[in-house]
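Q: I am new to this structure and would like a close look at a single part of it. Please take me through that part slowly, in connected sentences.
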Amino acid sequence: MQDQLSKFPVLQDAYSALENAFKDSVLESKFEKELSVKVKMEDLLLIVRFLKSEKGFNALNDIIGLDNLSNMAEGQKRFSIIYQLYKYPDYQRIRLVIDVNEGESVDSITSVYNAANWAEREIFDMFGINFIDHPNMRRIYMPDTFTGFPLRKDFPLEGNN
Amino acid sequence: MISGGALTDKIDNPSFILTTLDSMITWAQKNSVWPFGSGLACCAIEMVATACARYDLSRFGMEVFRASPRQADLFIVAGTVTNKMAPVVRRLWEQMPDPKWVVAMGNCAISGGPFPTYAVLQGVEKILPVDVYVAGCPPTPQGLLHGLMTLQAKIQKEHPTKEIFKVHARPTK
């Protein structure tokens, strides 16, 4: 991975700083055209804040939810949440991945990126993952009276009714 | 015909036509239907095309698309009605003055179409009384025109004076 990363000095610098600062939190990392780092759920807020303030990843492109129900390996957690960060004007991306179990709550990163507000509401709406300290944690797409979380793999397409 | 003279002047050979009041009212109604432009999805594009010069909805007296339901008497439900939109559609229909008609345009409005899902209302007939269904995905402008002409035929058969005479025929003590 290191030799691939050496072509992107900005990313290399950010990654090595991340590894030094959060030695125990970085669980896994790989480079397939883009850098993807799996981190501990508990330290997510610190890592995001570090990447923004120290390493200049000043934009949050998107937050993506994944339901791993159909390919759950041994010890695999139910959901993954993917944070796509962007550094402008160096045009570099870094992807943070955390694993979350059903019923677990994740720290909201709205205090770091305002853009996370609606994105986290979308994850809550579709997967039912709760975000701690989110300013407005309620459904964004589905009607407020809706029950269930549509993008979970065990949710029937026609709905519950 | 009566220019230059008072209304009480005698007119030689006046033209007249005999008809029922019902026929006259419905004739006027069907030729001045004001649709409410409610484009919910891609069907709206075909609805707009129907109103434009090539298909020319004004031939049927329907070119006055209103942006407010309070000025309209025809609700063309053009597109997918999601469950979240359903209460809004119902409320817009309730805001329209009587008499009013509803055309369900396209398969989505008829039955949910290609979206048998948790998010989409499976047919607008669940919340509105639909007069004419226009099938298609989306229906062509010709299809919508045919649906609207069918609606005109339906309006022509109505009896708007029935309610009035029912009131007057009520036995008095």
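Q: Is the crossing of H1(B) and H5(B) left-handed or right-handed?

A: In this predicted model, the crossing of H1(B) and H5(B) is right-handed. The contact behind this description is made by B:Thr26, B:Gln29 and B:Lys30 on the side of H1(B), and by B:Gln152, B:Ile155 and B:Gln156 on the side of H5(B). Sorted by class, the residues of this contact comprise one nonpolar, four polar and one charged. As for the geometry, helix H1 of chain B covers residues 21-30 and helix H5 of chain B covers residues 141-156, and their axes come within 8 Å and cross at roughly 160°. Because angles over 145 degrees count as roughly antiparallel, H1(B) is roughly antiparallel to H5(B).

The largest nonpolar core holds 36 residues, among which B:Ile76, B:Val77, B:Val103, B:Ala104 and B:Met105 touch the most other members. H5 of chain B is one of the elements that give two or more residues to this core, and others include strand E2 (74-78), strand E3 (101-105) and helix H4 (106-111). Leaving aside neighbours within four places in sequence, B:Val77 is in contact with residues including B:Leu40, B:Val89, B:Val103, B:Ala109 and B:Val124. A second, separate core has 33 residues, among them A:Val37, A:Val39, A:Leu44 and A:Leu85.

Between the chains, five residues of chain B are in contact with five residues of chain A, and the side of chain B that touches chain A has two nonpolar, two polar and one charged residues.

Terms used. Residues numbered from 1 in each chain as written. Chains lettered and ligands numbered in written order. Predicted model: local features only at pLDDT ≥ 70, side-chain atom pairs only at ≥ 80, totals over all residues. Axes fitted to C-alpha atoms, helices over the stretch in contact; angles between N-to-C directions. Helix = DSSP H or I, 4+ residues; strand = E, 2+ residues; numbered from the N terminus. Parallel < 35°, antiparallel > 145°, perpendicular 65-115°, else oblique. Left-handed = near helix turned anticlockwise from the far one by under 90°. Contact = placed C-beta atoms within 7 Å. Nonpolar A, V, L, I, M, F, W, Y, C, P; charged D, E, K, R; others polar. Core = buried A, V, L, I, M, F, W, Y, C linked by C-beta atoms within 7 Å. Buried ≥ 20, exposed ≤ 12 C-beta atoms within 10 Å, placed from the backbone.
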